Every structure is written in structure tokens, then in C-alpha cells.
Amino acid sequence: MKKIKNALVILAGGRGKRFNNKLPKQFNEINGENLIDFFLNRIETNFFDIILIVIRRSDQKYLKNLKIKYPLLKLIFAQAGKNRQLSSLNALKKLNKYKPTNVLIHDAARPFCSNKLIIKIIRSLNKNKSAIPYVISPDKKIISKKEFNKTIKLIQTPQGFNFNTILKAHEKSQLINAKDDSILINEKELNFIKGEKLNIKITYPEDLNYFKIFLKPIYKSGIGYDIHQIDTNKKTGLKLCGIKIDFNKLIGHSDADVGIHAICDSIFGALSMKDIGYYFSNKDPKWKNKSSEYFLKFAKDKLKENNFFISNLDINFICEKPNINKHRKKMIKKLSLLLKIPEKIISIKATSNEKIGFIGDGLGIAAESIVQITNEKFY
Ligand code: ZN
């Protein structure tokens, strides 16, 4: 049998009372990954010959992805104990038959630990019985004037141990509810190493905001184009980007707002949806003379459902008349209200068709729109 050198224990049996949520914090998902997925997906799991997760049986359903992801790796489970100390002990007892040389005991609530720290701990265990990461708190605890400059040191996980050292320490421990494994071993076996400031423990719901530091925002773009014919018999009734303009109406099944139609299609494109005609067919009497603002609201709701926000919207009109620039400001204001986005990220431009073709003859108005969307709201 291959010698098991390094084992990793992830303690995921806690309930996290301070998290104030029915779902234990370690199983909350951020972009489809819970805290355990997030940690294991970013570290080099090849450092470990065995990974043991301490979990309640009823919570094992949250780790389905993990079981598929690591079929070749030795992934085993141990039952969570009544408290952290007992969970740790359960893990060590279960690992005992594999006789690992080292064990790293980690809290599932610290998903941001880096490979660098893991390597440092494993290396340190070549020479020491333990490797306990710590950080110095920038805040100082004032006990007395004399101790004014005393720095507070905060202990982190993963904590690395020689396996036999920590197993024995647990077995003969006088403590019954230790919040930390390093507290159980002899002073002389304690070896502290520098931890990482970003190896934060997720404790309160607002701590989930820390994921923003580690997750790169997603950007997607979409393009939309539309064209409608000018109704030369109707001298008024034109609507562009929701603004009434004193000019010939456009021919269409709905209100023929060519600007909004192009915007809708660009949003649908960015969301990898179908085109506007699929959702609002011009054969369906339901949409006859319908205000296009309704279609735009539909597109806006789809953005919300998919957790995306518009980061830039660029619209281009192609027509000989009317003079779009005269109505630019009003259109931007209207779109800003309809889409609930800042005016500064909306651009409306116009070009003529140099008297060429159908548009050049003043028979139609075309509009194109390019939208960029992101999953990170910045306004
Ligand atoms: Zn249209």
C-alpha cells in the first residue's frame, strides 16, 4: 500500500449560529459553488493523498458536485460530533487506519486559504510537530498602559500537525469543547507560522461580500438591429426610445419603436436568449399597438432574473429624418428611467444613409444597439 503522507480534514459540521440562516454557512452558494467547492476548486488537491470531510449525514446532499469532481482522489467522510473538538477527534480516529504522516485540519468557513499557505504548512511539518498559521491584528487590545503596544495574534486554519501528535493530544485532552486544535498540543510542540490576511473566516452573512475580491466579474455583450418603414400617410405618431416625436409614424404591429426593439434584441442576445419576435410575435393580436416599453420591461426583468446589470448601452439610429440629436437628451433620460440605469452609461448616436437606398430615400428608420452586461453592479 502506498504510504499516505498528507491528509486534509475539512470540518463542515458546524451550524454557524451567528450566520443567522437556516442553511449552514458552508453550504451557501456563490456563483454555483459552496464554500467547500470554492476552497477545493482553488487549491492543489494533489498535495493530499486523502481528503476527509466531517459532515452531518443530512448535509451530505450539498456535496454532490464534489463526489463527481474527485472520483480518483481518496475522498471520505466522517460523522460530525456534538462540537468542533469531537468532530476533529472523529476525523482523526477515521484517518488512523490510513496512518498518514501529517494532517491539516481546516474549517470549511475559511474558503480563501491559498496554495501558498498550504505548501508553507506542509514544508514546515518536515521539521516540526505542528504548523499553526497566525496573523497580527491591526487592532490593538488595550489592557493597561504598559501593554499598550502589545499586538493581538489571531490563529487561523488549516493547522498542520504530525498525525500521531495531534491524535494523542485529542485522546488525552482534558478539554471538552476546544474551539481550536492547536490548544490541545504541548507548548513545546507548538510552531507558529505566518498566515494570510485574506484567509478570512466567514462568520456573518455580510462576510459573503469578501467573495467579490476573489471572483472576477463576468461581462457579456449583445447586438440588436431593427428597421421599420415610415408611414407617409400618417404625419405624426413617431416614437423612438419611448419619446414621442412630431414626425411620420412608423409601420409596425406594435408601436414600432425601432430604438427599443433594437435594445431589447441586444439584451436578449447578451443573455443568450432568442429574438424579440419569438417572445412578442407580430402575428399575435395580443401585441397589436402595444407600447414597446412593455417589451423593454420584459427584457429588464430577464436581466434581473439572471442577476445581470447593464454596464453600457450604445444605440445608433440610421435615418435621413428626423433630427435625432434634437431628441437625444430626452431619449437618454427616458431609457435611464425605464431600465433604472444611470444616464452616463447610455449613448445615442445617429447617422444618415447619405441618400443611398431605402433609408436614404427617407422611407425608413433603422436602429442598432450594443449592450454590455455584467454580474457585478457598480451603480
Ligand atoms: Zn421592430
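Donors are N, O and S atoms within 2.8 Å of the metal (3.2 Å for Na, K and Ca), and sites may look incomplete because water is not among the atoms. In this structure the zinc ion is coordinated by Asp 226 through OD, His 228 through NE2 and His 261 through ND1, at 2.0 to 2.1 Å. Along the chain these donors follow the spacing D-x1-H-x32-H.

The model is predicted, so that local features need pLDDT of at least 70 and side-chain atom pairs count only at pLDDT 80 or more, while totals for chains, interfaces and linings use all residues. Residues are numbered from 1 along each chain as its sequence is written, and side-chain values use heavy atoms, with hydrogens and water left out.

**Accessibility at the zinc site**

Burial is expressed as relative accessible area: buried means under 20%, exposed over 50% and partly exposed in between (1.4 Å probe, protein chains only). Asp 226 counts as buried because its relative accessibility is 17%. His 228 is likewise buried, at 13%.

**Helix pairs**

Helices (H or I, at least four residues) and strands (E, at least two) are DSSP runs numbered from the N terminus. Axes are lines fitted to C-alpha atoms, for helices over the stretch in contact, and angles run from 0 to 180 degrees between N-to-C directions.

The axes of H3 (residues 84–95) and H5 (residues 163–171) come within 10 Å and cross at roughly 130°. H3 and H5 are therefore oblique to each other; angles under 35 degrees count as roughly parallel, over 145 as roughly antiparallel, 65 to 115 as roughly perpendicular and the rest as oblique. Contact means heavy atoms within 4.5 Å. On H3 the contact is made by Gln 85, Ser 88, Leu 89, Leu 92, Lys 93 and Leu 95, and on H5 by Phe 163, Ile 166, Leu 167, His 170 and Glu 171. By class, the contact of H3 with H5 has six nonpolar, three polar and two charged residues; Ala, Val, Leu, Ile, Met, Phe, Trp, Tyr, Cys and Pro count as nonpolar, Asp, Glu, Lys and Arg as charged, and the others, Gly among them, as polar.

For H9 (residues 292–305) and H10 (residues 328–339), the axes come within 10 Å and cross at roughly 50°. This pair is therefore oblique. Glu 293, Leu 296 and Lys 300 in H9 meet Lys 334, Leu 335, Leu 338 and Leu 339 in H10. The residues of this contact divide into four nonpolar, no polar and three charged.

**Loops and backbone geometry**

Lys 129 lies in the loop between H4 (115–124) and S5 (130–136). Not counting residues up to four places away in sequence, Lys 129 touches Gly 160, Phe 161, Asn 162, Thr 165 and Glu 189. Asn 307 is placed between H9 and strand S12 (309–318). Asn 307 and Glu 376 are 69 residues apart in sequence and 8.5 Å apart in space, C-alpha to C-alpha.

Most residues other than glycine have a negative phi, and most peptide bonds are trans. The exceptions in this model include the following.

| Site | Feature | Value |
|---|---|---|
| Thr 157 and Pro 158 | cis peptide bond | omega about 5° |
| Lys 321 and Pro 322 | cis peptide bond | omega about -5° |
| Ser 272 | positive phi | phi near 55° |
| Lys 355 | positive phi | phi about 60° |

Ser 272 is found in the loop between H7 (258–270) and H8 (276–279), and Lys 355 in the loop between S13 (346–351) and H11 (357–360). Ser 272 counts as exposed at 60% relative accessibility, as does Lys 355 at 65%.
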